[in-house]
2 protein chains.
Amino acid sequence: MTHISHRAQSMQASPIRKLIPLATAARKRGVTVYPLNIGQPDIPTPEPVLDAIRGFDQKVLAYSPSPGEEYLLDAFSGYYKKNRIQLEPSEIIVTTGGSEAIFFAFLAICDPGDEVIVFEPFYTNYNGMAFQTNITLKAVRTYAEDGFQLPSVEAISKAITPKTKGILICNPNNPTGTVYPRAKLEELATLAKSRNLYILSDEVYREFTYDGLEHTSIMHIPGVESHAILVDSISKRYSACGARIGVIASKNREVMAVCLKFAQARLSSPTVEQWAAKAGVLMDPGYFKPILAEYQRRRDAVMEGFSKIPGVVCKVPTGAFYVIAKLPIDDGEAFAKWLLTDFSYKGNTVLVAPAAGFYVTPGLGKNEIRISYVLEVGKLRTAMEALAEGVKAFQAHEKTTKAAVKAAAANAALPVGSLR
Amino acid sequence: MTHISHRAQSMQASPIRKLIPLATAARKRGVTVYPLNIGQPDIPTPEPVLDAIRGFDQKVLAYSPSPGEEYLLDAFSGYYKKNRIQLEPSEIIVTTGGSEAIFFAFLAICDPGDEVIVFEPFYTNYNGMAFQTNITLKAVRTYAEDGFQLPSVEAISKAITPKTKGILICNPNNPTGTVYPRAKLEELATLAKSRNLYILSDEVYREFTYDGLEHTSIMHIPGVESHAILVDSISKRYSACGARIGVIASKNREVMAVCLKFAQARLSSPTVEQWAAKAGVLMDPGYFKPILAEYQRRRDAVMEGFSKIPGVVCKVPTGAFYVIAKLPIDDGEAFAKWLLTDFSYKGNTVLVAPAAGFYVTPGLGKNEIRISYVLEVGKLRTAMEALAEGVKAFQAHEKTTKAAVKAAAANAALPVGSLR
């Protein structure tokens, strides 16, 4: 028997992706499955990005410089300045997706056994990166009831130990859709400075805020510069998830110096996709206007759908394209599976992500699901209709199952009891 | 003062890339610098690969499946079978470069503190991946004098401890150009089975063997299947280093199952470049014939150059496009820097990689350099001529410096001694 490492064995499979085989099976049975599990936008990748790919004219598809192509670092610097974030090209390293930026950040600030505070529910892939770097994510809970807002400074402070090296936020938030107000970020910055912690700020959904809300970056808060590490990606911004182009950026030179060593260890990020990314990053911000309007309509369609399910707890999210809803059922994971294996309504069903996988504290989020609203409004309405019917049917299913379990237990107990 | 992790601080900067700023400075002074430091082939990327990029016609640049695009896994499986390596698509995962394949392999088999045996000098980026995964590379030495052949089973066995989980080979070898004969691989396989260790076999230079030599893959050795993990990449094979498309493959299902979790944690490899990679992987193997002939001419030009430098120890390498030479000087790193800062011959100089960075044992490889022969023959001849003159001049420089140091020490010692 060959040996598999403990860290590999104990790593969680992706809660977002693990139900895909069941969805495939459902489709084979002729059921239309609406995929609401994954943050893969259906918005076409902007033409300038696709044009850049098609116009790639280098004769040798060579390594890029490890910190990224100079033209792309310049483009990012310009983009950030437009967003009132003062970052020079030398303060930016191109990463292979936002995932690698998180990985670099964990490696830069943590030794094995060190801790980073996160707010659960949180983006599940942080877990994967934490396992790979042997660090511990210490979760402070947020609640559906108040729209998953950041906890109080007191609650966060309680989670700080001598091993804590940073606090990781995602703003706008995946998986909750929450946008953190400036005042909260200022509190967090003050805490980080006073306890000498880093703030890792994942802002890949920066542009995706609704109802006219303005996004505040951690980089907008004065005085936190040497403590702030920005994690970013073009994946969602330009519907280019497959490009695997992200960014790690900081005004802390020591952080950037070690990140450069990590970047050299993996040689470079993909070359064609950096060329394509530049075209996206240089686009006029006006590009986002119709897209945001479209996502806002989608969010509204999802919320309208939830409003028709009695007992759902779900504040209107104001950013990203996710929402976590607490459902009037017992087991979200069983529900998500059952939707694919045993249910359809008018030939339709939905693929959702059980939210328990976004929590690390066992038992939390058990009756919650995450939805990505990355389909057009018409499809979302049909999907939400199926979901509502699904909840009703699953409530009945859970009731019957419980009654059957109770009866079986009673039957089983009877002879045992009578023997005593 | 913010905190930087110990692992990040202790990580080595790339010995291949760290002299690049000095080369840039030399070029600014008007010196022609021949880059022999990096394995970036100058061979044009094959037209089918570039055509695929230019023909990319998806509307949404979406995430690929985490284990890789099905069409690419199929293509790789067919390619391996042509190379008498029986690997089904389900036994292959596409990685973001060979670097990521190494990273996955280390994570899959090692917990922090575990050991993998390597043969020094070895590809320096293994070090980076070892640091990032907190494992120890235990080096068994190989020697310029016998062309860096694999050590005896006895020598390897001595390095095995209870923490050893695998043996990592690179065949054909970067940085030495050595190709391991089948008999040696069989010995290694027997050892791995008897001690229950994995063999991680990096075969990214599979096609690059010269003098009619045939390459033996670890996957060709019967009975070692569950112990063998193949690391591969299209970077060198199709002059597509910038694509960042590699492979990890094994017939060990448990290994592949945990690698899938790692693949999910970083979501996917780049999409456009997978599409391009397919075109390369499907090419007729006849493609390599003229390219190999070209590399063989280059190798010969390099060896001819070395033959003109008295005191050089360097067996003719038979694979990849690297060679390590032991030079009649004291300090290869000082030499490599000095070539860029203080030397030129007919307006030319060379950028080489000091070989000490390819050893982990302190003091080894100090008078060795690695050369990549990735330039055309004419340029290589000019470069080797400059190198030969450089060695001569540096020998004189070292002699003068030593004499000066000795004189200074004698002068300094005099008054101190007279006071005592």
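Five bridges join strand 7 of chain A to strand 8 (residues 246–250) of chain A, and the two run antiparallel. Two strands count as paired if DSSP finds at least two bridges between them. Strands here are DSSP runs (E, at least two residues), helices are runs of H or I (at least four residues), and both are numbered from the N terminus. This is a predicted model, where local features need pLDDT of at least 70, side-chain atom pairs count only at pLDDT 80 or more, and totals for chains, interfaces and linings use all residues. Residues are numbered from 1 along each chain as its sequence is written, while chains are lettered from A and ligands numbered from 1 in the order in which they are written.

**Strand 7 of chain A**

- In strand 8 of chain A, A:Val247 is the bridge partner of A:Asp232.
- Strand 6 (residues 198–202) of chain A pairs with strand 7 of chain A in the parallel sense, over four bridges.
- A:Ile229 in strand 7 of chain A stands opposite A:Leu200.
- Six of the six residues of strand 7 (residues 228–233) of chain A are buried, so the strand is largely enclosed by the rest of the structure.
- A residue is buried if 20 or more other C-beta atoms lie within 10 Å of its own, exposed if 12 or fewer do, and partly exposed in between; the C-beta atoms are placed from the backbone.
- Both faces of strand 7 of chain A are covered. A:Ala228, A:Leu230 and A:Asp232 are buried on one side, and A:Ile229, A:Val231 and A:Ser233 on the other.

**The three-stranded sheet of chain B**

- Strands of a sheet pair through backbone hydrogen bonds, either parallel or antiparallel.
- Chain B has an open sheet of three strands in the order 9-12-11, with antiparallel pairing.
- Strand 9 (322–326) and strand 11 (353–354) of chain B are the edge strands, each pairing on one side only.
- Strand 11 of chain B is joined to strand 12 (residues 368–372) of chain B by two bridges, and they run antiparallel.
- B:Arg370 in strand 12 of chain B is the bridge partner of B:Ala353.

**Helix 4 of chain B**

- Helix 4 (residues 70–82) of chain B has 13 residues.
- From first C-alpha to last, helix 4 of chain B reaches 19 Å, close to the 18 Å expected at 1.5 Å a residue. The expected span is 1.5 Å times one less than the number of residues.
- The buried residues of helix 4 of chain B include B:Leu72, B:Phe76 and B:Tyr80.
- Its buried residues pack against strand 2 (92–95), strand 8 (246–250) and helix 10 (271–281) of chain B.
- Just after helix 4 of chain B, B:Arg84 takes a positive phi of about 55°.

**A:Ala277**

- A:Ala277 is found in helix 10 of chain A.
- A:Ala277 counts as buried, with 31 C-beta neighbours inside 10 Å.
- Leaving out residues up to four places away in sequence, A:Ala277 touches A:Leu72, A:Ile234, A:Ala243 and A:Ile245. Contact means that the C-beta atoms of two residues, placed from the backbone, lie within 7 Å.
- A:Met384 is 107 residues from A:Ala277 in sequence and 34 Å from it in space, C-alpha to C-alpha.

**Domains of chain A**

- The domain assignment of chain A gives domain 1 (6–43 + 287–410) and domain 2 (47–282). Such bounds come from an automatic or database domain assignment.
- The C-alpha centres of domain 1 and domain 2 of chain A lie 27 Å apart.
- In chain A, 37 residues of domain 1 are in contact with 33 residues of domain 2.
- Helix 11 of chain A gives the most to the side of domain 1 that touches domain 2, with five residues.
- By class, that side of domain 1 of chain A has 21 nonpolar, ten polar and six charged residues. Nonpolar covers Ala, Val, Leu, Ile, Met, Phe, Trp, Tyr, Cys and Pro; charged covers Asp, Glu, Lys and Arg; the others, Gly among them, are polar.

**Interface and symmetry**

- 69 residues of chain A are in contact with 69 residues of chain B.
- Helix 9 of chain A supplies the largest share of the side of chain A that touches chain B, seven residues.
- That side of chain A has 29 nonpolar, 27 polar and 13 charged residues.
- A rotation of 180° with 0.0 Å of shift along its axis superposes chain A on chain B (RMSD 0.1 Å). The two copies are thus related as by a two-fold rotation axis.
- The superposition is by least squares on the C-alpha atoms of residues with pLDDT of at least 70 in both copies.
- A:Arg54 comes closest to the rotation axis among the residues of chain A, at 2.0 Å (C-alpha).
- The same surface serves both copies, as 100% of the contact residues of chain A recur in chain B.
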